[in-house]
Amino acid sequence: MGYLKYLVFRILNAILVLLIVTFIISALFVKVAEESNRSKMYEELMMWERTEGAKIKQSQGLEAFEQAKAAKQASLEEKYELNIPYWQKVYKKALRTLRLDFGTTSMPIFGTNNVSDIIKVAVPRSILLFTTATIIVIILGIFLGVRAARHAGSVFDRGLSIFALLTYSLPMWWTGMMFLLIFAFKLGWFPLSSMFDPQLTGWAHVKDVLWKLALPVFTYVFVVFGGWAWTTRNIMIGTLQEDFIMAAKAKGVPEHKIIYGHALRAAAPPIVTMIIFALLGSLGGAIISELVFNYPGMGRLYWVALQQNETNLLIGLTYFFTVLYLAGVVLADMIYGFLDPRVKVGASAKM
Amino acid sequence: MRWVDVKEGFKEFLEEFKREKTGIAGVILLVILVLVALTAPYTTIPDLPEKWRSSAYWEDNPKNVPPTWYNMFTSQKLVPQEVYYINDLKITHPSDTRTVIEADYNFPDRYILGPQGIIIRGLNVSVGDPMNAPVFDLYLLRPDGKKIPLLKNKPLSAGTISVGRDSTISANVYIWLVNVTEGREITMFEVPLQTILISDMVAPMFAKVEPGMNVTQIIENPEPLWGNYKLVLDINNPAPDKNKIILDNIKVTFLGRSYGTMGTDYLGRDLWAGIIWGSRVSLTIGVLVSVLSTVIGLVYGVTSAYLGGNADEFMMRINEIFASIPSLPILILIGATMGHITLMFIVLLLVIFGWMGIARISRSMALQIKEQTYIEAARALGAGNGRIIFKHILPQLLPYAFAVIALSVPGAVIAEASLSFLGIGDPTAVTWGQILNAAQNQAATTKGYWWWVLPPGLGIAVVGLTFVLIGTALDKILNPRLRRL
């Protein structure tokens, strides 16, 4: 099976998942919206009864009032989409979501009501935070992991392993809270809130952003790099025992070249997949970490949407998270299949 | 497999496990955790989850104060909580109509502030003669000989007298402060509103107050006056035959500026009790979720591998679909829209989104086992699919399953804590995530309430570490490939 065919298959798979998730989100939210819309409709009907309805009752009698009320109710039901069946509504909503038509929020966020515009402001901020952090983690993790693998069993290796096990059990957002307590509250080195200053422009804005990014990035790196280094170490130790490394050593290839030229290249496929899945995994953690740091990205926006019951924004954000995530999955598969041709003939040979 | 083989294998495994220092450490931690979780009702407060949400239950506790042991590490010492019951109080009857209740309170040297407040409750009064209802005076005698009149000629009722939360008492303290420092008498109406509502009016009662000092200065920056204080409740009951006052349940509490083992939160809840109880939920959810998702993943993966062909393709597509769904946003959405959430529902959600990885790995393992001759022999002898899967393939994956179960506990614990932290948790349970959620809502980090933030997270970390230690040790023994490391 060719690489292209494999790729097309992966993309079709991702699109199928996207359809399913969109359907789930719509089904969930139509249910919520139905309840609030029904109460809104009754409220409006009551208002009508007290004003116009009362007038009709007085001038034209009870029968005319009942007729007018029924007509009013029907028109309101149409307005709030209460007259069409549940699944039809879900279908409509899903279709609109797939077309990126998310609608508007009831309250302006970032100075606009349009959900697409709000997301457009927040996404780059989240990506900035987590890309910066992940790049640092990758560099640190690979470098330290390789070092530990070269000196397996040394004090450095053991220390790294213990550190990795410890940080593996820490929730990132709790570490963030602790770092806020220590570095922002007690020592005052960093700001307590990472909300950007909207008045700044140009160089001052860049400086402000960097200053506010520092603590969240530091937290992310602190929690994640240990596990990274540890996994790299384990993969490298496995690779260093392979025959071709022995052969290279016997040939007299310099150790530096063996490690970074031969071994690391052989260990690249799992590490690259790890990189992509680390980026994807950070999206989930971002929701709470951004909330803790009061960082104005997607995660905090998600929280605000939940709190203010902005269903349209929630749908838009979830859809966006899913698209980003699936794009990552496809990208990982792409790179993995490229680096390691066995993937295509192995698990998915029959496809 | 014969029983003897199982016993031998287990013995061998134990021997090897004993050599893994990290594994032993993990098991010790696990035993401690289980003991703590099981004994929570006896070591702390029984039925805590029911009491946790009622703010009335915690009224006798100070709010937002650090643990008492923190005093050992700081020069700014904070007084602990002190409670007086009937036997700790001095009760005298100077005449038939009068009852005087005295509480001796020592404000120890080198402490920076007095108590956060004083609460008197448990006075049982039944008035039979409303014309001659009992009245009382409440005052505080200070070591410098000054007397602060807190309440004068108040009708005695069965309620609570609360110094520090009662605005009349706060106003009276202010009037007394002005009287001592400036020598003039002011009325209730001259007391600034902000003083009554916002300022801490208990600290000045235990501070140096001399003529000529500035009142605002004393309120804002009270200088401690150490020594023995005496709180006096002087009850005058003109008709002792008709009005009954029973003091058996009386309880006088000098609220601390520090409290217990872990301090208190914004409602005065004992955080230590909450954290101990939180371990129950954390352990239960962690173990339940990881066991269930491992079992489901194993069976799913093995079945998929064994059936092969189209069935395998179909099952793996479903697996991929689940694996490609970003779980946390979807979990939050489902949690937020479903409304009523129980712990079992959270377990269910976490299992639904947690079995995919294990299914994948066990499938690839089962694919190898499937090709072995004894499976073919079993099939030739007429064994059914179910029998081959459950009797011949699954048992071989069991050792691997134990390591996976242990290693996936931290993820489940963190996932539950994350959901609770976002406010999507079982409201009837006390969990670490919910404690942290309250801390976040009350901006505990930006106010420096470390005792509220640090312990729940440490709890999560300890549970995680326990299972990671056990899991990696198991992995090393049971996965021969890693034994070389």
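Predicted model: local features only at pLDDT ≥ 70, side-chain atom pairs only at ≥ 80, totals over all residues.
Trainee: What makes a pair count as a polar contact?

Mentor: An N or O atom of one residue must lie within 3.5 Å of an N or O atom of the other, and one must be able to donate a hydrogen and the other to accept it. Inside chain B, the side chains of Glu102(B) and Lys230(B) give an example at 3.0 Å. That value is within 3.5 Å, so the pair is called a polar contact.

Trainee: How many salt bridges are there between chain B and chain A?

Mentor: The count is 0. A salt bridge needs a side-chain nitrogen of Lys or Arg within 4 Å of a carboxyl oxygen of Asp or Glu.

Trainee: Which helices of chain B supply the side that touches chain A?

Mentor: Helices 9, 10, 14, 15, 16 and 17 of chain B each supply at least two residues. Helix 17 of chain B gives the most, with 12 residues.

Trainee: Which residue classes make up that side of chain B?

Mentor: It has 33 nonpolar, 11 polar and 6 charged residues. In area, about 4,300 Å² is buried between chain B and chain A, and carbon and sulfur atoms give 76% of it. In contacts, 50 residues of chain B meet 46 residues of chain A.

Trainee: Why is strand 11 of chain B called largely enclosed?

Mentor: Count its residues. Strand 11 covers residues 227-236 of chain B, and 7 of the 10 are buried, so the rest of the structure largely encloses it.

Trainee: Which strands of chain B pair with strand 11 of chain B?

Mentor: Strand 4 (residues 98-107) pairs with it in the antiparallel sense over 10 bridges. Strand 8 (residues 135-141) also runs antiparallel to it, joined by 7 bridges.

Trainee: How do you know that these count as pairs?

Mentor: Two strands pair if there are at least two bridges between them. Strand 4 has 10 bridges to strand 11, and strand 8 has 7. Thr99(B) stands opposite Ile235(B) in strand 11. Leu140(B) stands opposite Leu231(B) in strand 11.

Trainee: Why is Glu102(B) called buried?

Mentor: Its relative accessibility is 14%. Buried means under 20%, so Glu102(B) qualifies. Glu102(B) lies in strand 4 of chain B. Beyond its sequence neighbours up to four places away, it touches Leu89(B), Lys90(B), Thr92(B), Lys230(B), Leu231(B) and Val232(B).

Trainee: Is Glu20(B) buried or exposed?

Mentor: Buried: its 17% relative accessibility is under the 20% limit. Glu20(B) lies in the loop between helix 1 and helix 2 of chain B. Leaving aside neighbours within four places in sequence, Glu20(B) is in contact with Ala473(B), Lys476(B) and Ile477(B).

Trainee: Why is Arg110(B) called exposed?

Mentor: Exposed means over 50%, and Arg110(B) has a relative accessible area of 56%. Arg110(B) sits in the loop between strand 4 and strand 5 of chain B. Its phi is near 70 degrees, a positive value in a residue other than glycine.

Trainee: What makes Ala443(B) partly exposed?

Mentor: Its relative accessibility is 27%. Ala443(B) is in the loop between helix 15 and helix 16 of chain B. Phi of Ala443(B) is near 55 degrees, a positive value in a residue other than glycine.

Key:
Residues numbered from 1 in each chain as written. Chains lettered and ligands numbered in written order. Heavy atoms only, no water. Buried < 20%, exposed > 50% of the residue type's maximum accessible area, 1.4 Å probe, protein only. Helix = DSSP H or I, 4+ residues; strand = E, 2+ residues; numbered from the N terminus. Contact = heavy atoms within 4.5 Å. Buried area = accessible area lost by both parts, 1.4 Å probe. Nonpolar A, V, L, I, M, F, W, Y, C, P; charged D, E, K, R; others polar.
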